[in-house]
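Student: I have a new structure to look at. Can you walk me through it?

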Amino acid sequence: VFLVVSCPCALVISVPLSFFGGIGGASKKGILIKGSTYLEALSKADTFVFDKTGTLTKGSFRVVDVHPEEISEEELLGYAAAAESFSGHPIAASILKANSRRIDPDRFGEVAELPGRGMKAVYDGKTVCVGNCALMDDIGADWHDCELTGTIVHVSVNCKYMGHIIISDEPKPDSAATVAGLQRAGVARVVMLTGDKKAVGEAVAKELGVPEVFAELLPADKVAKVEALLAEKPEGTTLAFVGDGVNDAPVLTRADVGVAMGALGSDAAIEAADVVLMDDKPSKLVTALAISRKTMRIVRENIVFALAVKAVILALGALGIATMWLAVFGDVGVLILAVLNAMRTLNVKEFGAE
């Protein structure tokens, strides 16, 4: 009786099966979780940090205004498009779309992408720099700010300031619901990080209901900020970072749980992430959190149930009360019940579904 009851089948089979069920249930909803370790870590997430562009916003930028200094709007867009033609960033795509001039690849010299700053290219023998104010400061261009709200792309030719382009992005339809859903789920802290100007970041954060926002961050600054947030999080909880760009890869790796957008996200971000949202809907994050928490709850239920039943039957066996039939139930019967309980991980309602 003791030998049969003490068989660990119920634990050995039902616990991994619960994790497999959770991972499988998540994949059915377009959420790829790369292992049970990350599923468990996600269930403990109490701090969620979001990148802005392409994560909470669509990343489909459009040029809304052009402010040239000494050249025409068409020329300013032409210079900007020439340099940005070597970039895969959504901002570059919007500038190329607005440009009406043909870009001749034979007219290019050296081209360099400056992470967190912009692009630098030699075009027609002229050094064209396109990017943020930090890049203008680096090259000594006498730039000026703009009162309009949006992402401002500055342009210089041979270190002389030529003007700027205002680009706007719009939030994804479910971003505000995602933030509200996380807060209803008991997440203590929701933070947004962006390389955009403070005014732009705060405007988006206010629209989406994000309580904390840190703007004008370079990729290295994002890592430092996540390091600080990791130090501040309560003991026993984890921090999840959600991003999509190649610049987010270091932060995704550093966070306890890295979540990447799978449809439009860069290969580097997807490779570095622990969880991938295949359709780029941030609301899937709330579903992933619910699946992870339910899975861990079922795992604990199976462990407690199996050990409790076996302990009772072992005690009855020591007193000579338990029969072999009861011992078989304590082994095979508990195993079947634990497996049936583990199958509940496959049934989790998707966030926002009717």
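Predicted model: local features only at pLDDT ≥ 70, side-chain atom pairs only at ≥ 80, totals over all residues.

**Helices and salt bridges**

Tutor: Let's start at a helix end.

Student: How many residues does α13 have?

Tutor: Helix α13 has 35 residues, running over 284-318. From first C-alpha to last, α13 reaches 51 Å. That is close to the 51 Å expected at 1.5 Å a residue.

Student: At what angle do α13 and α14 pack?

Tutor: The angle is about 170 degrees, and their axes are 10 Å apart.

Student: So are they roughly parallel or antiparallel?

Tutor: Roughly antiparallel, because angles over 145 degrees count that way.

Student: Which residues of α13 and α14 meet?

Tutor: On the α13 side they include I298, F305, V309 and I313. Among those in α14 are L326, F329, V334 and L337. By class, the contact of α13 with α14 has 13 nonpolar, three polar and three charged residues.

Student: E301 is in α13. What does E301 form a salt bridge with?

Tutor: The partner is R344, with the closest N and O atoms 3.1 Å apart. This pair links distant parts of the chain: E301 lies in helix α13 and R344 in the segment after α14 (324-342). They are 43 residues apart.

Student: New topic. How many salt bridges are there?

Tutor: The count comes to 14. One of the pairs is R117 with D138, at 2.5 Å from N to O. R117 sits in the loop between β4 (108-114) and β5 (118-123), while D138 is in helix α7 (residues 133-139). The two are 21 residues apart.

Student: How accessible are R117 and D138?

Tutor: R117 has a relative accessible area of 27%. D138 comes to 48%. R117 is partly exposed, and D138 also counts as partly exposed.

Student: What does K233 pair with?

Tutor: K233 meets D256 in a salt bridge of 3.8 Å, N to O. D256 is in the loop between α11 (249-254) and β12 (257-261). K233 is in the loop between α10 (219-232) and β11 (238-243), 23 residues apart from D256. D256 is partly exposed, with a relative accessible area of 28%.

Student: Which residues do shared partners join into one network?

Tutor: R189, E212 and E232. Salt bridges that share partners join them.

Technical notes. Residues numbered from 1 in each chain as written. Heavy atoms only, no water. Helix = DSSP H or I, 4+ residues; strand = E, 2+ residues; numbered from the N terminus. Expected span 1.5 Å × (residues − 1). Salt bridge = Lys/Arg side-chain N within 4 Å of Asp/Glu carboxyl O. Buried < 20%, exposed > 50% of the residue type's maximum accessible area, 1.4 Å probe, protein only. Axes fitted to C-alpha atoms, helices over the stretch in contact; angles between N-to-C directions. Parallel < 35°, antiparallel > 145°, perpendicular 65-115°, else oblique. Contact = heavy atoms within 4.5 Å. Nonpolar A, V, L, I, M, F, W, Y, C, P; charged D, E, K, R; others polar.
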